Amino acid sequence: MQHKKLKDFPEGFLWGSASAAYQVEGAWDEDGKGVSVWDTFVRIPGKTFKGTNGDVAVDHYHRFKEDVALMAEQGLKAYRFSIAWSRIFPYNMQEVNEKGLQFYDGLIDELLANHIEPVVTLYHWDIPQYLQDDYLGWESRQIIEDFTTYAETVFRRYGDRVKYWVSLNEQNVFISHGYLMATHPPAVKDPKRMYQANHYANVANAAAIKKFRSLGLDGQIGPSFAYSPGYPIDARPENILAAENFDELNAYLWMDVYAKGEYPSVIWNWLEENDLQPETRPEDFKILKAGKPDFMGVNYYKTSTVAANPLDGVGIGTPNYSGEKGSTERGGIPGVFKEVLNPFVEKTNWDWDIDPVGLRIALRRINSRYGLPILITENGLGEYDKLKEGQIHDQYRIDYLNDHAKAVQEAITDGVTVLGYCTWSYTDLLSWLNGYQKRYGFVYVDRDEDSPKELKRYKKASYYWYKEVIEQNGKNLK
């Protein structure tokens with residue numbers, strides 16, 4: 001719908017930005033930190049772009065005060081970051097590493113001293129390696145107890161200062177890439193194991209939320225879901241149905257469990273038909289029902305366009321991790337859907353659809369289906385930024401963020417409750433499989449795949465644009 005006048009962003013709106021521990025911190029083996037699965041995975045030849053890793057990353061561990069000073073100068077209202085589980089429990093689940101806890105004490109206190117709300121993610125993909133070695137990590141029911149123990153430890157330590165918590169980041173991504181596509185640890189291609197690991201992750205997520213509530217802390221908690229709404233390529237009924245299948249299997253399979261404590265019946269039926277259903281216990285669903293979130297976190301980057309896919313049709317495709325535009329090989333699930341090219345939207349160099357209207361659609365769908373407030377925990381543009389005479393003119397990023405923030409305002413005007421908007425990312429960082437060439441930040445970090453150089457920080461043009469957006473609470477959006 002079109003509006004004659006858009007509503008203002010609410011007072012106290014969390015204009016923020018985000019990061020993840022492995023992608024920014026570095027100091028991978030300092031101050032008692034243990035090894036995570038990503039510390040191990042990046043050392044397997046050919047797994048990441050040019051063999052890049054997060055050993056140093058952008059050295060946020062040693063430079064967080066410098067980075068927070070840049071946030072304060074910009075006027076940032078919120079900073080979302082993750083805690084590295086292996087900094088807190090480095091070698092086993094019985095011994096807590098005090099130095100690891102102290103690092104996050106320092107970061108949280110520095111943020112609060114600069115009037116920046118810390119938004120803490122419990123898990124952003126870096127499970128300790130010893131849990132993977134001991135019992136295959138997310139594939140064991142033991143993960144529920146261990147994740148809850150870890151969560152309770154950080155809740156008790158930081159709960160007096162942190163008001164916003166993200167339980168799991170992009171469960172759909174770390175589960176599918178780790179257990180179906182083999183592009184993330186533990187690099188498995190087994191859908192049966194994937195759905196079992198996913199179930200345990202669901203229960204662990206709910207158990208952590210339930211534990212948070214039992215502690216009586218003043219705050220809100222919810223998972224962060226990577227949502228890519230599905231469009232049919234045209235109005236043919238079989239393609240409409242394929243889009244329904246896509247959203248059921250790639251979105252509602254997770255969000256229904258978060259918000260309702262139950263699996264969508266259509267997908268559970270499909271899992272049973274294909275002998276993919278996970279083993280469950282009755283008490284699992286009691287925990288799922290008791291662990292409903294206060295908000296739905298949303299990481300939004302793109303939409304997906306799909307068509308019908310016959311039973312003998314295409315399978316898993318090949319994503320573009322090189323930044324060579326047009327190199328994506330689109331795939332699908334036979335008998336369910338296949339992804340196709342959307343001719344109506346522009347693409348990034350990594351072949352992601354640039355679709356701000358899709359963000360509004362995502363917010364509307366979540367609002368209609370679940371009635372939960374929404375916190376946008378990631379949205380951003382990864383591109384090739386060039387440093388020229390100490391400056392970075394990233395007008396393309398300004399345009400991208402402006403259009404997506406405007407879509408958020410339109411959704412708010414539609415009646416959706418949105419708590420905040422966290423861009424991805426604050427500084428440039430390691431982009432997991434894409435190395436350091438794919439840059440997302442407001443702050444350019446001078447390093448590349450070959451060398452960390454001096455890791456000098458430079459403010460991009462988008463830094464100053466976002467500063468004005470925050471100052472005017474979005475009134476200057478075009």
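Tutor: In this predicted model, the count of salt bridges comes to 37. In general, side chains of opposite charge can pair when their charged atoms come close.

Let us begin with Lys289, which forms a salt bridge with Glu262; their closest N and O atoms are 3.1 Å apart. This pair links distant parts of the chain, 27 residues apart. Lys289 belongs to helix 12 (residues 282-290), while Glu262 sits in the loop between helix 10 (237-260) and helix 11 (265-273). Lys289 has a relative accessibility of 41%, so Lys289 counts as partly exposed. Glu262, at 38%, likewise counts as partly exposed.

A second salt bridge joins the side chains of Arg364 and Asp414, with an N to O distance of 3.1 Å. Because Arg364 lies in helix 13 (residues 356-370) and Asp414 in helix 14 (residues 395-414), the pair ties together parts that are 50 residues apart in sequence. Arg364 has 31% relative accessibility and therefore counts as partly exposed.

Arg439 and Asp428 are eleven residues apart, and both are placed in the loop between strand 14 (418-424) and strand 15 (443-445). Are these two residues buried or exposed? The cut-off for buried is under 20% relative accessible area. Arg439 has a relative accessibility of 6%, so Arg439 counts as buried. Asp428 stands at 2% and therefore counts as buried too.

Salt bridges also occur here as a network, which links Glu98, Asp105, Asp109, Arg157, Asp160 and Arg161.

We now turn to the helices. Two packed helices are described by the angle between their axes and the distance between the axes. For helix 8 (residues 171-179) and helix 9 (residues 191-214), the axes come within 9 Å and cross at roughly 150 degrees. Helix 8 is therefore roughly antiparallel to helix 9, since angles over 145 degrees count as roughly antiparallel. The crossing of helix 8 past helix 9 is right-handed. On the side of helix 8, the residues in contact are Gln171, Phe174, Ile175, Ser176 and Tyr179; they meet Pro191, Met194, Ala197, Asn198, Ala201 and Asn202 of helix 9. By class, this contact has seven nonpolar and four polar residues, and no charged residues.

Methods. Residues are numbered from 1 along each chain as its sequence is written. This is a predicted model: local features need pLDDT of at least 70, side-chain atom pairs count only at pLDDT 80 or more; totals for chains, interfaces and linings use all residues. Side-chain values use heavy atoms; hydrogens and water are left out. Axes are lines fitted to C-alpha atoms, for helices over the stretch in contact, and angles run from 0 to 180 degrees between N-to-C directions. Helices (H or I, at least four residues) and strands (E, at least two) are DSSP runs, numbered from the N terminus. Angles under 35 degrees count as roughly parallel, over 145 as roughly antiparallel, 65 to 115 as roughly perpendicular and the rest as oblique. A crossing is left-handed if the near helix is turned anticlockwise from the far one by less than a right angle, and right-handed if clockwise. Contact means heavy atoms within 4.5 Å. Ala, Val, Leu, Ile, Met, Phe, Trp, Tyr, Cys and Pro count as nonpolar, Asp, Glu, Lys and Arg as charged, and the others, Gly among them, as polar. A salt bridge is a side-chain nitrogen of Lys or Arg within 4 Å of a carboxyl oxygen of Asp or Glu. Buried means under 20% relative accessible area, exposed over 50%, partly exposed in between (1.4 Å probe, protein chains only).
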